[in-house]
Amino acid sequence: MPIALVDCNNFYVSCERAFDPSLEVKPVVVLSNNDGCAVARSNEVKALGVKMAMPWFQMEQLAKQHGIIALSSNYALYGDLSARVMSILSTFSPVQQIYSIDECFLDLDGFDPQSLLAYGQTIRQTIKQNVGIPVCVGIADSKTLAKLANHCAKKRFAGRDGVCDFGRYSVTQLSKLFATIPVGDIWGIGRKISEKLVAMNIETVEDLRTANQSRMRQQFSIVVERTVKELNGISCIELDGACTARQQIMVSRSFGQEVSNFDDLSESIAYFATSAAEKLRKDGSVAASLSVFIQTNPFKEKSAQYQRQLVVPLGEPTGDTLKLVNAAICGLREIYRTGYSYKKSGVMLMGLQPKNSVQAQLFNDVIEKGRSDKLMSVMDAVNQRMGRGSMTLAASGTKQRWSMRRDSKSPNYTTDWDELPIAT
Amino acid sequence: MPASTLHQSIIEPAVTKSFNTPLYGHKVEAGFPSPADDYIEGRLSLDQHLIQHRDSTFFVRAKGLSMVGAGIFDGDLLVVDRSLTPVSGNIVIAVLDAELTVKRLVWREGQVILQPENPDFKKIVLQDGQELQVWGVVTSTTKKFI
(Lines give C-alpha, C1' and ligand atoms only; values in the text may rest on other atoms or scores of the structure.)
Protein backbone atom coordinates (compact mmCIF):
# COMPACT_ATOMS: atom_id res chain seq x y z
CA MET A 1 0.00 0.00 0.00
CA PRO A 2 1.93 3.04 -1.21
CA ILE A 3 1.93 6.15 0.94
CA ALA A 4 3.36 9.52 -0.02
CA LEU A 5 4.86 12.02 2.36
CA VAL A 6 4.84 15.54 0.96
CA ASP A 7 7.09 17.92 2.84
CA CYS A 8 7.69 21.60 2.10
CA ASN A 9 11.35 22.59 1.71
CA ASN A 10 12.56 25.05 4.36
CA PHE A 11 8.91 26.04 4.68
CA TYR A 12 9.11 29.41 6.48
CA VAL A 13 11.95 30.60 4.26
CA SER A 14 10.06 29.44 1.16
CA CYS A 15 6.97 31.39 2.30
CA GLU A 16 9.07 34.54 2.60
CA ARG A 17 10.64 33.96 -0.80
CA ALA A 18 7.28 33.37 -2.45
CA PHE A 19 6.48 37.05 -1.95
CA ASP A 20 9.91 38.59 -1.94
CA PRO A 21 11.95 37.34 -4.90
CA SER A 22 14.96 39.35 -3.72
CA LEU A 23 15.47 36.68 -1.05
CA GLU A 24 16.08 34.02 -3.72
CA VAL A 25 19.51 32.32 -3.59
CA LYS A 26 20.53 34.46 -0.61
CA PRO A 27 21.26 33.06 2.85
CA VAL A 28 18.02 33.56 4.77
CA VAL A 29 17.16 32.53 8.31
CA VAL A 30 13.81 32.87 10.09
CA LEU A 31 14.00 33.50 13.82
CA SER A 32 11.62 32.31 16.51
CA ASN A 33 9.37 34.55 18.56
CA ASN A 34 11.29 37.41 20.10
CA ASP A 35 13.92 36.87 17.45
CA GLY A 36 15.56 34.27 19.65
CA CYS A 37 16.90 31.47 17.50
CA ALA A 38 16.78 29.92 14.04
CA VAL A 39 13.56 28.08 13.25
CA ALA A 40 14.04 27.85 9.48
CA ARG A 41 17.13 28.06 7.31
CA SER A 42 17.62 28.37 3.59
CA ASN A 43 20.04 25.88 2.01
CA GLU A 44 22.61 28.67 1.74
CA VAL A 45 22.44 29.21 5.50
CA LYS A 46 22.68 25.48 6.18
CA ALA A 47 25.82 25.40 4.06
CA LEU A 48 27.34 28.08 6.29
CA GLY A 49 26.96 25.74 9.24
CA VAL A 50 24.04 27.44 11.00
CA LYS A 51 22.23 24.74 12.95
CA MET A 52 18.54 24.53 13.75
CA ALA A 53 17.64 26.37 16.98
CA MET A 54 20.99 28.19 17.01
CA PRO A 55 20.51 31.40 19.02
CA TRP A 56 20.80 34.60 17.04
CA PHE A 57 23.68 36.01 19.10
CA GLN A 58 25.75 32.95 18.23
CA MET A 59 25.42 33.50 14.50
CA GLU A 60 25.52 37.28 14.48
CA GLN A 61 29.19 37.32 13.54
CA LEU A 62 28.64 34.80 10.75
CA ALA A 63 25.63 36.79 9.60
CA LYS A 64 27.66 39.96 9.23
CA GLN A 65 30.40 38.14 7.41
CA HIS A 66 28.15 36.41 4.86
CA GLY A 67 25.25 38.82 4.69
CA ILE A 68 22.74 36.43 6.21
CA ILE A 69 19.27 37.95 6.11
CA ALA A 70 17.43 37.34 9.38
CA LEU A 71 13.64 37.61 9.43
CA SER A 72 11.23 37.50 12.34
CA SER A 73 8.65 34.75 12.06
CA ASN A 74 5.41 35.71 10.32
CA TYR A 75 2.96 33.03 11.41
CA ALA A 76 -0.03 34.70 9.77
CA LEU A 77 1.69 34.22 6.41
CA TYR A 78 2.93 30.68 7.11
CA GLY A 79 -0.47 29.61 8.40
CA ASP A 80 -2.28 30.88 5.31
CA LEU A 81 0.15 29.35 2.83
CA SER A 82 0.10 26.06 4.75
CA ALA A 83 -3.70 25.95 4.49
CA ARG A 84 -3.46 26.55 0.74
CA VAL A 85 -0.82 23.85 0.25
CA MET A 86 -2.78 21.32 2.30
CA SER A 87 -6.02 22.11 0.51
CA ILE A 88 -4.41 21.55 -2.89
CA LEU A 89 -2.70 18.35 -1.70
CA SER A 90 -6.06 17.01 -0.54
CA THR A 91 -7.14 16.90 -4.18
CA PHE A 92 -4.44 14.31 -4.93
CA SER A 93 -5.75 11.53 -2.70
CA PRO A 94 -8.98 10.52 -1.00
CA VAL A 95 -7.10 10.11 2.31
CA GLN A 96 -4.88 12.87 3.62
CA GLN A 97 -3.31 13.15 7.03
CA ILE A 98 -1.87 16.55 7.84
CA TYR A 99 1.10 15.83 10.03
CA SER A 100 2.41 19.32 10.70
CA ILE A 101 2.29 22.84 9.31
CA ASP A 102 4.47 21.81 6.37
CA GLU A 103 3.99 18.08 5.78
CA CYS A 104 1.23 15.59 5.12
CA PHE A 105 0.73 11.96 4.22
CA LEU A 106 -1.34 10.93 1.21
CA ASP A 107 -2.74 7.45 0.70
CA LEU A 108 -1.89 6.29 -2.83
CA ASP A 109 -3.48 2.87 -2.52
CA GLY A 110 -4.97 1.70 -5.81
CA PHE A 111 -2.86 3.98 -7.98
CA ASP A 112 -0.84 2.35 -10.77
CA PRO A 113 2.57 1.67 -9.18
CA GLN A 114 4.29 2.57 -12.45
CA SER A 115 2.73 6.02 -12.47
CA LEU A 116 3.60 7.07 -8.92
CA LEU A 117 6.86 8.75 -9.78
CA ALA A 118 5.17 10.91 -12.38
CA TYR A 119 2.33 11.57 -9.96
CA GLY A 120 4.84 12.78 -7.39
CA GLN A 121 6.28 15.15 -9.99
CA THR A 122 2.80 16.48 -10.75
CA ILE A 123 2.21 17.10 -7.04
CA ARG A 124 5.52 18.90 -6.76
CA GLN A 125 4.99 21.07 -9.83
CA THR A 126 1.42 21.94 -8.89
CA ILE A 127 2.34 23.16 -5.40
CA LYS A 128 5.30 25.10 -6.77
CA GLN A 129 3.24 26.80 -9.45
CA ASN A 130 0.00 27.39 -7.53
CA VAL A 131 1.41 28.60 -4.21
CA GLY A 132 5.09 29.14 -4.99
CA ILE A 133 6.32 26.65 -2.39
CA PRO A 134 8.88 23.95 -3.30
CA VAL A 135 8.11 20.51 -1.88
CA CYS A 136 9.70 17.06 -1.88
CA VAL A 137 7.74 13.84 -2.20
CA GLY A 138 8.70 10.46 -0.72
CA ILE A 139 6.74 7.37 -1.73
CA ALA A 140 6.96 3.95 -0.05
CA ASP A 141 4.93 1.17 1.57
CA SER A 142 4.87 2.51 5.13
CA LYS A 143 4.86 5.87 6.80
CA THR A 144 8.36 5.39 8.20
CA LEU A 145 9.69 4.46 4.75
CA ALA A 146 7.81 7.33 3.10
CA LYS A 147 9.49 9.69 5.56
CA LEU A 148 12.83 8.15 4.71
CA ALA A 149 12.16 8.35 0.96
CA ASN A 150 11.34 12.03 1.42
CA HIS A 151 14.59 12.51 3.33
CA CYS A 152 16.45 10.84 0.44
CA ALA A 153 14.71 13.05 -2.12
CA LYS A 154 15.54 16.17 -0.17
CA LYS A 155 19.19 15.25 0.36
CA ARG A 156 19.43 13.86 -3.18
CA PHE A 157 20.53 10.44 -1.94
CA ALA A 158 17.98 8.87 -4.25
CA GLY A 159 15.12 9.72 -6.56
CA ARG A 160 15.08 12.61 -9.02
CA ASP A 161 13.98 16.21 -8.98
CA GLY A 162 12.70 16.08 -5.44
CA VAL A 163 10.67 12.90 -5.79
CA CYS A 164 11.76 9.49 -4.56
CA ASP A 165 9.69 6.30 -4.92
CA PHE A 166 11.24 3.34 -3.10
CA GLY A 167 8.98 1.11 -5.22
CA ARG A 168 11.32 1.80 -8.14
CA TYR A 169 14.30 0.24 -6.38
CA SER A 170 15.21 -3.41 -5.95
CA VAL A 171 15.75 -4.86 -2.48
CA THR A 172 19.50 -4.93 -3.04
CA GLN A 173 19.56 -1.33 -4.16
CA LEU A 174 17.58 -0.26 -1.09
CA SER A 175 19.86 -2.28 1.22
CA LYS A 176 22.84 -0.46 -0.22
CA LEU A 177 21.17 2.91 0.16
CA PHE A 178 20.00 2.21 3.72
CA ALA A 179 23.52 1.20 4.72
CA THR A 180 24.64 4.77 4.06
CA ILE A 181 22.01 6.50 6.23
CA PRO A 182 22.57 6.86 9.98
CA VAL A 183 19.97 5.20 12.17
CA GLY A 184 19.21 8.50 13.89
CA ASP A 185 17.69 9.87 10.67
CA ILE A 186 14.75 7.48 10.96
CA TRP A 187 11.38 8.92 11.91
CA GLY A 188 10.62 8.09 15.53
CA ILE A 189 14.19 7.20 16.49
CA GLY A 190 15.17 9.96 18.88
CA ARG A 191 18.61 10.89 20.06
CA LYS A 192 18.57 8.69 23.15
CA ILE A 193 17.43 5.54 21.36
CA SER A 194 19.83 6.18 18.51
CA GLU A 195 22.77 6.44 20.94
CA LYS A 196 21.76 3.16 22.53
CA LEU A 197 21.39 1.52 19.11
CA VAL A 198 24.81 2.70 17.99
CA ALA A 199 26.28 1.25 21.18
CA MET A 200 24.75 -2.07 20.07
CA ASN A 201 26.44 -1.70 16.67
CA ILE A 202 23.18 -0.81 14.98
CA GLU A 203 24.45 2.26 13.19
CA THR A 204 22.59 2.51 9.91
CA VAL A 205 19.04 2.21 8.67
CA GLU A 206 19.98 -1.13 7.13
CA ASP A 207 21.32 -2.38 10.48
CA LEU A 208 18.00 -1.62 12.13
CA ARG A 209 15.95 -3.00 9.25
CA THR A 210 17.67 -6.36 9.57
CA ALA A 211 17.76 -6.32 13.38
CA ASN A 212 16.01 -9.01 15.36
CA GLN A 213 12.52 -7.72 16.01
CA SER A 214 11.81 -9.43 19.31
CA ARG A 215 15.19 -8.37 20.60
CA MET A 216 14.34 -4.80 19.70
CA ARG A 217 11.08 -5.06 21.61
CA GLN A 218 12.85 -6.45 24.68
CA GLN A 219 15.63 -3.87 24.59
CA PHE A 220 13.47 -0.87 23.80
CA SER A 221 9.75 -0.94 23.32
CA ILE A 222 7.04 -1.96 20.97
CA VAL A 223 7.62 1.38 19.23
CA VAL A 224 11.08 0.40 18.01
CA GLU A 225 9.84 -3.05 17.00
CA ARG A 226 7.12 -1.37 15.01
CA THR A 227 9.73 0.85 13.32
CA VAL A 228 11.66 -2.26 12.26
CA LYS A 229 8.48 -3.71 10.72
CA GLU A 230 7.77 -0.43 8.98
CA LEU A 231 11.31 -0.35 7.57
CA ASN A 232 10.54 -3.73 6.04
CA GLY A 233 7.52 -2.33 4.27
CA ILE A 234 4.95 -3.65 6.73
CA SER A 235 2.69 -0.74 7.48
CA CYS A 236 1.96 -0.54 11.22
CA ILE A 237 1.23 3.13 11.74
CA GLU A 238 -2.17 3.79 10.36
CA LEU A 239 -2.93 6.60 8.01
CA ASP A 240 -5.48 8.46 10.00
CA GLY A 241 -7.42 10.71 7.71
CA ALA A 242 -9.79 11.94 10.38
CA CYS A 243 -8.25 14.74 12.38
CA THR A 244 -8.26 13.85 16.03
CA ALA A 245 -9.64 16.71 18.05
CA ARG A 246 -7.16 18.58 20.16
CA GLN A 247 -6.84 17.59 23.79
CA GLN A 248 -5.65 20.97 24.93
CA ILE A 249 -4.99 24.42 23.59
CA MET A 250 -1.97 26.31 24.75
CA VAL A 251 -1.20 29.95 24.02
CA SER A 252 1.92 31.35 25.57
CA ARG A 253 4.70 33.64 24.57
CA SER A 254 7.85 35.24 25.83
CA PHE A 255 7.58 38.98 26.21
CA GLY A 256 9.53 41.46 24.14
CA GLN A 257 10.55 43.13 27.38
CA GLU A 258 10.14 41.90 30.91
CA VAL A 259 7.17 43.18 32.89
CA SER A 260 6.67 43.28 36.60
CA ASN A 261 3.36 44.93 37.41
CA PHE A 262 0.08 43.09 37.65
CA ASP A 263 -1.73 45.15 35.03
CA ASP A 264 0.74 44.41 32.25
CA LEU A 265 0.76 40.76 33.16
CA SER A 266 -3.02 40.53 33.26
CA GLU A 267 -3.22 42.20 29.86
CA SER A 268 -1.04 39.46 28.43
CA ILE A 269 -3.06 36.73 30.14
CA ALA A 270 -6.33 38.22 28.87
CA TYR A 271 -4.90 38.37 25.37
CA PHE A 272 -3.73 34.76 25.43
CA ALA A 273 -7.03 33.55 26.90
CA THR A 274 -8.88 35.43 24.14
CA SER A 275 -6.79 33.85 21.45
CA ALA A 276 -7.11 30.37 22.99
CA ALA A 277 -10.89 30.84 23.21
CA GLU A 278 -11.01 31.70 19.51
CA LYS A 279 -9.19 28.49 18.63
CA LEU A 280 -11.49 26.56 20.94
CA ARG A 281 -14.64 27.84 19.25
CA LYS A 282 -13.16 27.23 15.82
CA ASP A 283 -12.80 23.56 16.79
CA GLY A 284 -16.40 23.58 18.00
CA SER A 285 -15.26 22.67 21.48
CA VAL A 286 -15.66 23.91 25.03
CA ALA A 287 -13.13 23.69 27.87
CA ALA A 288 -13.69 22.28 31.35
CA SER A 289 -10.72 23.92 32.98
CA LEU A 290 -7.98 26.40 32.35
CA SER A 291 -4.47 26.78 33.54
CA VAL A 292 -2.49 30.01 33.93
CA PHE A 293 1.25 30.27 34.31
CA ILE A 294 3.84 33.00 34.72
CA GLN A 295 7.60 32.80 34.90
CA THR A 296 10.68 34.97 35.23
CA ASN A 297 13.65 34.71 32.88
CA PRO A 298 15.53 31.51 33.79
CA PHE A 299 18.55 32.64 31.77
CA LYS A 300 19.06 35.67 33.98
CA GLU A 301 20.59 33.69 36.77
CA LYS A 302 21.31 36.70 38.94
CA SER A 303 17.72 37.93 39.03
CA ALA A 304 15.19 36.59 41.51
CA GLN A 305 13.41 33.59 40.02
CA TYR A 306 9.76 32.75 40.35
CA GLN A 307 7.34 30.54 38.47
CA ARG A 308 3.90 29.31 39.26
CA GLN A 309 1.06 27.58 37.49
CA LEU A 310 -2.50 27.22 38.62
CA VAL A 311 -5.43 25.24 37.28
CA VAL A 312 -8.79 26.98 37.45
CA PRO A 313 -11.85 24.71 37.08
CA LEU A 314 -14.65 26.29 35.10
CA GLY A 315 -17.77 24.74 36.63
CA GLU A 316 -19.68 24.31 33.43
CA PRO A 317 -17.52 23.75 30.32
CA THR A 318 -17.48 26.91 28.26
CA GLY A 319 -16.15 28.54 25.11
CA ASP A 320 -17.06 32.06 26.21
CA THR A 321 -14.16 34.51 25.98
CA LEU A 322 -15.52 36.58 28.86
CA LYS A 323 -15.69 33.64 31.22
CA LEU A 324 -12.33 32.26 30.17
CA VAL A 325 -10.62 35.62 30.54
CA ASN A 326 -12.23 36.13 33.96
CA ALA A 327 -11.11 32.71 35.11
CA ALA A 328 -7.60 33.31 33.80
CA ILE A 329 -7.28 36.64 35.60
CA CYS A 330 -8.66 35.12 38.82
CA GLY A 331 -5.96 32.48 38.53
CA LEU A 332 -3.30 35.09 37.85
CA ARG A 333 -4.35 37.05 40.96
CA GLU A 334 -3.65 33.92 43.02
CA ILE A 335 -0.20 33.25 41.64
CA TYR A 336 1.08 36.79 41.04
CA ARG A 337 3.82 38.05 43.36
CA THR A 338 5.35 41.53 43.30
CA GLY A 339 9.07 42.10 43.03
CA TYR A 340 9.81 39.88 40.06
CA SER A 341 10.48 40.63 36.40
CA TYR A 342 8.33 38.27 34.37
CA LYS A 343 9.50 37.02 30.97
CA LYS A 344 6.74 34.67 29.94
CA SER A 345 3.12 33.88 30.61
CA GLY A 346 0.56 31.58 29.15
CA VAL A 347 -2.90 30.11 29.22
CA MET A 348 -3.83 26.49 28.57
CA LEU A 349 -7.36 25.23 28.02
CA MET A 350 -7.94 21.66 29.11
CA GLY A 351 -10.67 19.06 29.27
CA LEU A 352 -11.81 19.92 25.78
CA GLN A 353 -15.04 18.38 24.53
CA PRO A 354 -17.40 18.94 21.64
CA LYS A 355 -19.73 21.80 22.41
CA ASN A 356 -22.92 19.90 21.62
CA SER A 357 -22.14 16.91 23.82
CA VAL A 358 -21.89 18.85 27.05
CA GLN A 359 -24.08 17.46 29.78
CA ALA A 360 -26.62 19.96 31.04
CA GLN A 361 -26.34 20.90 34.67
CA LEU A 362 -29.00 21.51 37.23
CA PHE A 363 -28.27 25.19 37.68
CA ASN A 364 -27.66 26.06 34.04
CA ASP A 365 -28.94 29.41 33.07
CA VAL A 366 -30.27 28.58 29.62
CA ILE A 367 -31.14 32.15 28.67
CA GLU A 368 -27.76 33.45 29.73
CA LYS A 369 -26.09 30.67 27.73
CA GLY A 370 -27.96 31.61 24.56
CA ARG A 371 -26.84 35.19 25.04
CA SER A 372 -23.22 34.18 25.48
CA ASP A 373 -23.32 32.03 22.32
CA LYS A 374 -24.70 34.96 20.35
CA LEU A 375 -22.13 37.40 21.66
CA MET A 376 -19.28 35.03 20.84
CA SER A 377 -20.46 34.40 17.30
CA VAL A 378 -20.71 38.17 16.74
CA MET A 379 -17.22 38.62 18.15
CA ASP A 380 -15.78 35.90 15.90
CA ALA A 381 -17.56 37.29 12.86
CA VAL A 382 -16.31 40.82 13.51
CA ASN A 383 -12.76 39.64 14.01
CA GLN A 384 -12.87 37.55 10.89
CA ARG A 385 -14.17 40.41 8.81
CA MET A 386 -12.24 43.33 10.23
CA GLY A 387 -9.03 41.53 11.11
CA ARG A 388 -7.80 39.84 14.24
CA GLY A 389 -8.12 41.77 17.42
CA SER A 390 -10.69 44.26 16.06
CA MET A 391 -13.08 43.33 18.85
CA THR A 392 -11.48 42.23 22.09
CA LEU A 393 -12.02 42.64 25.77
CA ALA A 394 -10.64 45.84 27.25
CA ALA A 395 -8.80 43.53 29.65
CA SER A 396 -6.29 42.59 26.98
CA GLY A 397 -5.16 46.20 26.92
CA THR A 398 -4.14 48.59 24.21
CA LYS A 399 -0.50 49.22 25.03
CA GLN A 400 0.60 45.61 25.02
CA ARG A 401 3.99 46.42 26.44
CA TRP A 402 4.55 42.68 26.75
CA SER A 403 4.01 41.98 23.06
CA MET A 404 6.47 40.01 21.02
CA ARG A 405 9.56 41.54 19.62
CA ARG A 406 9.45 41.01 15.90
CA ASP A 407 11.81 43.57 14.54
CA SER A 408 12.07 42.39 10.96
CA LYS A 409 8.79 40.71 10.23
CA SER A 410 7.69 40.64 6.60
CA PRO A 411 4.26 42.08 5.67
CA ASN A 412 1.13 39.96 6.11
CA TYR A 413 0.97 39.57 2.35
CA THR A 414 -2.15 37.41 2.29
CA THR A 415 -4.12 38.37 5.38
CA ASP A 416 -4.05 42.17 5.55
CA TRP A 417 -5.44 44.54 2.88
CA ASP A 418 -2.83 47.14 3.81
CA GLU A 419 0.12 44.80 3.38
CA LEU A 420 -0.49 43.18 -0.02
CA PRO A 421 2.49 42.48 -2.27
CA ILE A 422 3.19 45.33 -4.69
CA ALA A 423 3.76 45.06 -8.44
CA THR A 424 5.10 48.01 -10.39
CA MET B 1 -20.24 41.07 -26.37
CA PRO B 2 -23.65 40.72 -28.09
CA ALA B 3 -26.57 42.21 -26.19
CA SER B 4 -28.17 38.84 -25.47
CA THR B 5 -25.07 37.42 -23.73
CA LEU B 6 -24.67 40.55 -21.68
CA HIS B 7 -28.26 40.38 -20.59
CA GLN B 8 -27.86 36.76 -19.55
CA SER B 9 -24.74 37.35 -17.55
CA ILE B 10 -26.54 39.95 -15.50
CA ILE B 11 -29.65 38.09 -14.53
CA GLU B 12 -28.30 34.57 -14.27
CA PRO B 13 -27.56 33.64 -10.65
CA ALA B 14 -24.45 31.66 -9.89
CA VAL B 15 -25.14 27.95 -10.10
CA THR B 16 -22.18 26.69 -8.12
CA LYS B 17 -22.35 26.39 -4.37
CA SER B 18 -22.61 29.67 -2.56
CA PHE B 19 -21.36 30.55 0.87
CA ASN B 20 -24.33 32.74 1.63
CA THR B 21 -27.23 30.52 0.62
CA PRO B 22 -29.95 30.89 3.21
CA LEU B 23 -31.59 27.60 4.16
CA TYR B 24 -35.02 29.03 4.67
CA GLY B 25 -36.17 32.43 3.63
CA HIS B 26 -38.95 32.54 6.13
CA LYS B 27 -39.74 30.79 9.37
CA VAL B 28 -42.96 28.87 9.14
CA GLU B 29 -44.78 29.40 12.40
CA ALA B 30 -48.43 30.03 11.82
CA GLY B 31 -50.11 31.56 8.84
CA PHE B 32 -48.83 31.53 5.31
CA PRO B 33 -45.29 30.76 4.18
CA SER B 34 -43.62 33.50 2.20
CA PRO B 35 -44.53 33.22 -1.48
CA ALA B 36 -40.87 34.00 -2.26
CA ASP B 37 -39.51 30.92 -0.47
CA ASP B 38 -39.46 28.81 -3.60
CA TYR B 39 -37.46 31.43 -5.42
CA ILE B 40 -34.61 32.00 -2.99
CA GLU B 41 -31.47 31.65 -5.07
CA GLY B 42 -28.71 32.69 -2.73
CA ARG B 43 -26.90 35.98 -2.90
CA LEU B 44 -24.33 36.71 -5.52
CA SER B 45 -20.80 36.56 -4.25
CA LEU B 46 -18.01 38.71 -5.64
CA ASP B 47 -15.51 36.11 -4.47
CA GLN B 48 -17.24 33.57 -6.60
CA HIS B 49 -17.38 35.93 -9.53
CA LEU B 50 -13.72 36.93 -9.42
CA ILE B 51 -11.99 33.88 -8.00
CA GLN B 52 -11.87 30.60 -9.85
CA HIS B 53 -9.22 28.85 -7.76
CA ARG B 54 -9.32 29.94 -4.13
CA ASP B 55 -6.12 28.23 -3.04
CA SER B 56 -3.95 29.69 -5.75
CA THR B 57 -5.45 33.19 -5.94
CA PHE B 58 -3.62 36.10 -4.35
CA PHE B 59 -4.25 39.82 -4.26
CA VAL B 60 -1.55 42.18 -5.41
CA ARG B 61 -1.52 45.99 -5.25
CA ALA B 62 -0.60 47.77 -8.50
CA LYS B 63 1.84 50.65 -8.26
CA GLY B 64 2.68 53.18 -10.95
CA LEU B 65 1.23 53.97 -14.35
CA SER B 66 2.84 51.48 -16.72
CA MET B 67 -0.45 49.64 -17.36
CA VAL B 68 -3.01 52.44 -17.52
CA GLY B 69 -3.85 51.47 -21.10
CA ALA B 70 -5.12 48.16 -19.81
CA GLY B 71 -7.23 49.87 -17.16
CA ILE B 72 -4.81 49.25 -14.31
CA PHE B 73 -4.13 52.37 -12.27
CA ASP B 74 -1.92 53.18 -9.32
CA GLY B 75 -3.33 51.54 -6.19
CA ASP B 76 -5.68 49.15 -7.97
CA LEU B 77 -6.25 45.71 -6.55
CA LEU B 78 -5.17 42.92 -8.87
CA VAL B 79 -6.62 39.44 -8.59
CA VAL B 80 -3.85 37.00 -9.50
CA ASP B 81 -4.28 33.30 -10.14
CA ARG B 82 -1.00 31.42 -9.91
CA SER B 83 -2.43 28.12 -11.14
CA LEU B 84 -3.03 29.39 -14.68
CA THR B 85 -0.40 28.73 -17.32
CA PRO B 86 0.25 32.06 -19.05
CA VAL B 87 -0.36 32.44 -22.75
CA SER B 88 0.67 35.27 -25.02
CA GLY B 89 -1.62 38.26 -24.45
CA ASN B 90 -2.22 37.61 -20.75
CA ILE B 91 -1.50 40.32 -18.23
CA VAL B 92 0.91 38.74 -15.79
CA ILE B 93 2.86 39.40 -12.64
CA ALA B 94 6.47 38.63 -13.55
CA VAL B 95 9.65 38.63 -11.52
CA LEU B 96 12.05 41.19 -12.93
CA ASP B 97 15.27 42.24 -11.17
CA ALA B 98 14.04 40.50 -8.01
CA GLU B 99 10.84 42.56 -7.96
CA LEU B 100 7.27 41.92 -8.99
CA THR B 101 6.08 43.74 -12.08
CA VAL B 102 2.74 43.76 -13.88
CA LYS B 103 2.92 43.76 -17.69
CA ARG B 104 1.30 42.19 -20.70
CA LEU B 105 3.10 39.06 -21.80
CA VAL B 106 3.69 38.78 -25.53
CA TRP B 107 5.43 36.04 -27.51
CA ARG B 108 6.29 37.32 -30.93
CA GLU B 109 8.64 35.75 -33.48
CA GLY B 110 10.51 33.78 -30.89
CA GLN B 111 10.83 36.77 -28.59
CA VAL B 112 9.42 37.05 -25.11
CA ILE B 113 8.25 40.58 -24.39
CA LEU B 114 6.86 42.23 -21.28
CA GLN B 115 4.78 44.97 -22.80
CA PRO B 116 3.68 48.01 -20.79
CA GLU B 117 0.38 49.64 -21.75
CA ASN B 118 1.57 53.21 -21.63
CA PRO B 119 3.61 54.91 -24.39
CA ASP B 120 5.82 56.56 -21.73
CA PHE B 121 7.23 53.16 -20.76
CA LYS B 122 9.63 50.97 -22.72
CA LYS B 123 8.86 47.37 -23.53
CA ILE B 124 11.11 44.78 -21.98
CA VAL B 125 12.51 42.20 -24.36
CA LEU B 126 14.02 39.15 -22.72
CA GLN B 127 17.55 38.38 -23.87
CA ASP B 128 18.74 34.94 -24.94
CA GLY B 129 19.32 32.77 -21.91
CA GLN B 130 17.32 35.09 -19.68
CA GLU B 131 14.54 33.07 -18.14
CA LEU B 132 11.14 34.63 -17.67
CA GLN B 133 9.66 33.92 -14.29
CA VAL B 134 5.91 34.41 -14.32
CA TRP B 135 4.58 34.75 -10.78
CA GLY B 136 0.91 34.59 -11.74
CA VAL B 137 -1.73 35.57 -14.25
CA VAL B 138 -3.83 38.67 -13.54
CA THR B 139 -7.46 37.68 -13.98
CA SER B 140 -9.16 40.91 -12.97
CA THR B 141 -8.73 44.23 -11.26
CA THR B 142 -10.98 46.05 -8.87
CA LYS B 143 -11.22 49.67 -7.91
CA LYS B 144 -12.90 51.32 -4.95
CA PHE B 145 -14.32 54.81 -5.26
CA ILE B 146 -15.18 55.41 -1.63
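The largest nonpolar core of this predicted model holds 51 residues, and A:L81, A:I133, B:L78, B:I93, B:V102 and B:W135 touch the most other members. Helix α4 of chain A, residues 75-89, supplies the largest share of this core, with seven residues. The points below describe the cores and then a sheet in chain A.

**Nonpolar cores**

- Another core lies apart from the largest one and has 32 residues, including A:I249, A:V251, A:L265 and A:V325.

**An open sheet in chain A**

- Strands of a sheet pair through backbone hydrogen bonds, in either a parallel or an antiparallel sense.
- Three strands of chain A form an open sheet in the order β3-β2-β4, and their pairing is mixed.
- The edge strands of this sheet are β3 (38-41) and β4 (69-72) of chain A, each of which pairs on one side only.
- On average, neighbouring strands of the sheet are turned by 30 degrees against each other, with direction ignored.

**Pairing of β2 and β4**

- Strand β2 of chain A, residues 28-31, pairs with β4(A) in the parallel sense, and four bridges link the two.
- Within this arrangement, A:V29 stands opposite A:A70, a residue of β4(A).

**A helix against the sheet**

- Helix α1 of chain A, residues 11-19, packs on the sheet and touches β2, β3 and β4 of chain A.
- The direction of helix α1 makes about 110 degrees with that of β2(A).

Terms used. Residues are numbered from 1 along each chain as its sequence is written. Chains are lettered from A and ligands numbered from 1 in the order in which they are written. This is a predicted model: local features need pLDDT of at least 70, side-chain atom pairs count only at pLDDT 80 or more; totals for chains, interfaces and linings use all residues. Side-chain values use heavy atoms; hydrogens and water are left out. A nonpolar core is a set of buried Ala, Val, Leu, Ile, Met, Phe, Trp, Tyr and Cys residues joined through side-chain atoms within 4.5 Å. Buried means under 20% relative accessible area, exposed over 50%, partly exposed in between (1.4 Å probe, protein chains only). Two strands pair if DSSP finds at least two bridges between them. Axes are lines fitted to C-alpha atoms, for helices over the stretch in contact, and angles run from 0 to 180 degrees between N-to-C directions. Contact means heavy atoms within 4.5 Å.
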